[in-house]
Amino acid sequence: MTIDDSTAAAQSAAHRSAGAATGGKIIAVHLNYPSRAAQRGRTPAQPSYFLKPWSSVAVSGETIERPAGAELLAFEGEIAIIIGEPARRVSVADAWSHVSGVTAANDFGLYDLRAADKGSNLRSKGGDGYTPLGPAIIPAADVDPTAIRVRTWVNGDLVQDDTSDTLLFPFAQLIADLSQLATLETGDVILTGTPAGSSVVVPGDVVEVEVDAPTAPGTPTTGRLVTTVVQGEVPFGDVGSKPAVDDHQRIEAWGDAERAGVGPTVSPSPAEPLDPLVAEQLAQVATATLSAKLRGRGYTEVFVEGVQASRPGTRMVGVARTLRFVAYRPDLFAERGNGFNAQKRIFDTVEPGEVIVIEARGERGTGTVGDVLALRAQHRGAAGVVTDGGIRDLEQVASFALPTFSQGGHPSVLGRRHVPWEIDVAVTCGGATILPGDVIVGDGDGVIAIPRTLVAEIAAEAVAQEAEDAWIAEQVVQGAAVDGLFPMNAAWRARYDAARAAELDSEDLL
């Protein structure tokens, strides 16, 4: 069945042509994909929704107008689920049986009018043609609701690609939740959220959205839902809010500050990659050994006090990228805490092999990183995260492959105690001064920072020291007393040197 034949499209066509109050509900979810939540810097605990009018529905091949005087028209490719049987107070287990089919949707929005809506999204997302649906409907019985894919192309380039198995709130949960208070009726449509990749389009751009089920028999697909952007010619009148944008809205619409062409811009990482040989040596030695070697050179405040690994057995080696928080103040948070702030910038720009080091002033009373940003760092190949504050979503973060060290878990959001201030500057984390480019090593004892100029010789000495310590341990196991052995006197030193020389000769013969 094509969307043109569906009850929903027929109702929409009637509404648009005759102005009749026909049609049901279009309900859209604000945030539902982890990738999108990472862009926004927040992960909702429960789903939240807004309504779109039926007059906003369009079909494949139609145009959408960017109004005169507007700048930020953005697309959002989505999976739309269509209600078949009315649903009222249904359970999660029974919810999918009330769905007749799924189709592709594009939840267009005009960021220029977000300020006019105060959260309702009526003007910013309710314009004519702002909800294209179709072109075909996939029967719900033909697909696994956890294995549906949505992809979006702009001018032929793939910009969104995600699947329903990643959703924060599965389809069945949305239906059960909504049906608690309002009856979902036949023909109602639920827009289930958009993944990362949503951005701004301009007149002349062609946006295509396709929903399919790659693992289902026959690979059912909606086909591509095609919308072309055109320029509107009629200006807004003096009867309501007019389009207005600022840099925050530009960053939100485009997806990041660099693409939006506004500051703060993303600059290349200031940290040079660590020599692989040195990294390998550091991965073999304990922070206790490194601490001793640094202490011998007069470096006594290099240990990040009070932090422990989120997961036992964690080892971490990487180059420091730094993030500094200052204490919360409402005016400063309003200025620096929103949009593409310092916290988001560093998690969006961290490079493979780098460790994000966060100065949180030892404040344990809130989280300084949560599951979404940790996932973003892991996706970008970060070597770890160290904070002398707390971590939100600690159990989830501990389950990730990304090494994390902190003072423990705390459920509160960043803005309770902190303002994200600046990145790639000298910070003091757990009493240790750390510069961008310093080398960070973590293990069961905690985290240590090594000045970059010393790292090669410290690593080599630590490897030699641990070989010596291993030999001493063997002697103790064999019954030797520690007096004179640990540390070694001249006699024991001579025995060790002889044993080490014999070992090296044996290696040369292999």
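Here are some questions and answers about this predicted model.

Me: Before we start, what kind of model is this, and what pLDDT do local features need?
Reply: Residues are numbered from 1 along each chain as its sequence is written, and side-chain values use heavy atoms, with hydrogens and water left out. It's a predicted model, where totals for chains, interfaces and linings use all residues, side-chain atom pairs count only at pLDDT 80 or more, and local features need pLDDT of at least 70.

Me: How are helices α9 and α15 oriented to each other?
Reply: Helices here are DSSP runs (H or I, at least four residues; strands are E, at least two), numbered from the N terminus. The axes of α9 (residues 276–284) and α15 (residues 455–477) come within 9 Å and cross at roughly 40 degrees; axes are lines fitted to C-alpha atoms, for helices over the stretch in contact, and angles run from 0 to 180 degrees between N-to-C directions. Under 35 degrees counts as roughly parallel, over 145 as roughly antiparallel, 65 to 115 as roughly perpendicular, and the rest as oblique. So α9 and α15 are oblique.

Me: Which residues of α15 make the contact with α9?
Reply: Contact means heavy atoms within 4.5 Å. On the α9 side you'll find Val278, Gln281, Leu282 and Gln284. From α15 come Val455, Ala456, Ala459, Ala460, Val463 and Glu466.

Me: And how many nonpolar residues does that contact of α9 with α15 have?
Reply: Ala, Val, Leu, Ile, Met, Phe, Trp, Tyr, Cys and Pro count as nonpolar, Asp, Glu, Lys and Arg as charged, and the others, Gly among them, as polar. By class, there's one charged residue and two polar ones, and the nonpolar count is seven.

Me: Is helix α12 enclosed or open, and how many of its residues are buried?
Reply: Buried means under 20% relative accessible area, exposed over 50%, and partly exposed in between (1.4 Å probe, protein chains only). The buried residues of α12 (residues 342–349) include Lys344, Arg345 and Phe347, and their cover includes α2 (34–40), β19 (316–327) and α13 (371–379). The helix is largely enclosed by the rest of the structure, because its buried residues number seven of the eight.

Me: Which residue caps the N-terminal end of α12?
Reply: Look for a side-chain oxygen that lies 3.1 Å from the backbone nitrogen of Gln343. That oxygen belongs to Asn341.

Me: Ser56 or Ser399: which one is buried?
Reply: Ser399, in helix α14 (residues 394–399), counts as exposed because its relative accessibility is 56%. Ser56 lies in the loop between β2 (49–52) and β3 (57–58) and touches Ile26, Tyr130 and Thr131, among others. With a relative accessible area of 0%, the buried one is Ser56.

Me: Where is Pro487, which a cis peptide bond joins to Phe486?
Reply: Omega of the bond between Phe486 and Pro487 is about 0 degrees. Pro487 is found in the loop between α15 and α16 (490–509).

Me: What is the phi of Thr219?
Reply: Thr219 sits in the loop between β15 (206–212) and β16 (221–231), and at 39% relative accessibility it counts as partly exposed. It isn't a glycine, yet its phi is positive, near 45 degrees.

Key:
A polar contact is a pair of N or O atoms within 3.5 Å; within protein, one must be able to donate a hydrogen and the other to accept it, and residues adjacent in sequence count only if both atoms are side-chain atoms. Lists of a residue's contacts leave out its neighbours within four places in sequence.
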